[in-house]
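This report looks at a few residues in their surroundings. Please have the sequence and the structure open while reading.

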Amino acid sequence: MADYHFVYKDVEGASTQWDDIQRKLGNLPAKPPAFKPAPFTPANDQASLPKDKSWIDEKTEQDLEDLEDNPDLDDDRFLEEYRKKRLAELRETAKVARFGSVVPISGSDFVREVSQAPADVWVVVILYKEGIAECGVLMQCLEDLAAKYPATKFVKIISTDCIPNYPDRNVPTVLVYNSGAVKANHVGLRSFGRRCTPEGAALVLCQSDPVLNDGQSGNGRSRKAVIDGVRKRFIEKVVTEHENDDDGSSSD
């Protein structure tokens, strides 16, 4: 005859009277607490959240275009007007801040990239030669400036590709163009001071014209306004470096 065994399980957390007596005597471990699920909290419905300026500010240009026929904005004239304003700002920023690095060009590119650049664009051209240390120092400074002032066009060209037989002793040379004409030229690294820095190079470039444009302040900035902005950046950098030095010395 087959041997059948039946196992009976009570409700989870339930206990018999015998088990309770054994726990009091210390023969069984304490009864584990009954499972209690955390209270249910429904997730926020993004579509039901209140819509304000911050909601618009978080949107990309494509998002704002997609909201053009959004029924949620039909009854809110302020948000609709703010959406249009924000979209115009994003488009203007994308249009103005269109450079951002030092772009290599060849001799055949010079007229198109430099001489024929739009009248509202300042072009900074560095003539250089590979293997000359001074060129590397100035190039690094101009790369920094190109990133900070993306509405100013920076290009680099090998000196002899631009001007045949241009002497190596004159490189690096920087030419500043606007409206197809040379507005300034700086020959040699010495033109940018004893210790060439991005801030020092910025001041030299803006000696006579508002060459640098960060794309945030419009194209009608005066030379004084640009130089004031450069000096402000320089002071902020000095203060930051000083604070970092203090933090390093205090941790030693």
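## A buried histidine

His186 counts as buried because its relative accessibility is 9%, with buried meaning under 20%. This value, like the others in the report, comes from a predicted model.

His186 is part of strand E5, which covers residues 181-187. When its neighbours within four places in sequence are left aside, His186 is in contact with Pro172, Thr173 and Val174, with Ser191 and Phe192, and with Val204, Leu205 and Gln207.

## A threonine in a loop

Thr152 sits in the loop between helix H7 (133-148) and strand E3 (153-158), and at 0% relative accessibility Thr152 counts as buried. Not counting residues up to four places away in sequence, Thr152 touches Phe99, Trp122, Val124, Val211, Leu212 and Asn213.

Two of these residues also place backbone atoms by the side chain of Thr152: a polar atom of that side chain lies 2.8 Å from the backbone oxygen of Val211, and a polar atom of that side chain lies 2.8 Å from the backbone nitrogen of Asn213.

## The aromatic pair

The structure holds one aromatic pair. Phe110 and Tyr177 form this pair in an edge-to-face arrangement, with 5.7 Å from centre to centre and 75 degrees between the planes; the angle counts as edge-to-face because it is over 60 degrees.

The pair links distant parts of the chain, since Phe110 belongs to helix H6 (residues 110-115) and Tyr177 to strand E4 (residues 173-178), the two being 67 residues apart. Both Phe110 and Tyr177 are buried.

Conventions. Residues numbered from 1 in each chain as written. Predicted model: local features only at pLDDT ≥ 70, side-chain atom pairs only at ≥ 80, totals over all residues. Heavy atoms only, no water. Phe/Tyr/Trp six-rings, centres within 6.5 Å; stacked < 30°, edge-to-face > 60°. Helix = DSSP H or I, 4+ residues; strand = E, 2+ residues; numbered from the N terminus. Buried < 20%, exposed > 50% of the residue type's maximum accessible area, 1.4 Å probe, protein only. Contact = heavy atoms within 4.5 Å. Polar contact = N/O pair within 3.5 Å; in protein donor to acceptor, adjacent residues only side chain to side chain.
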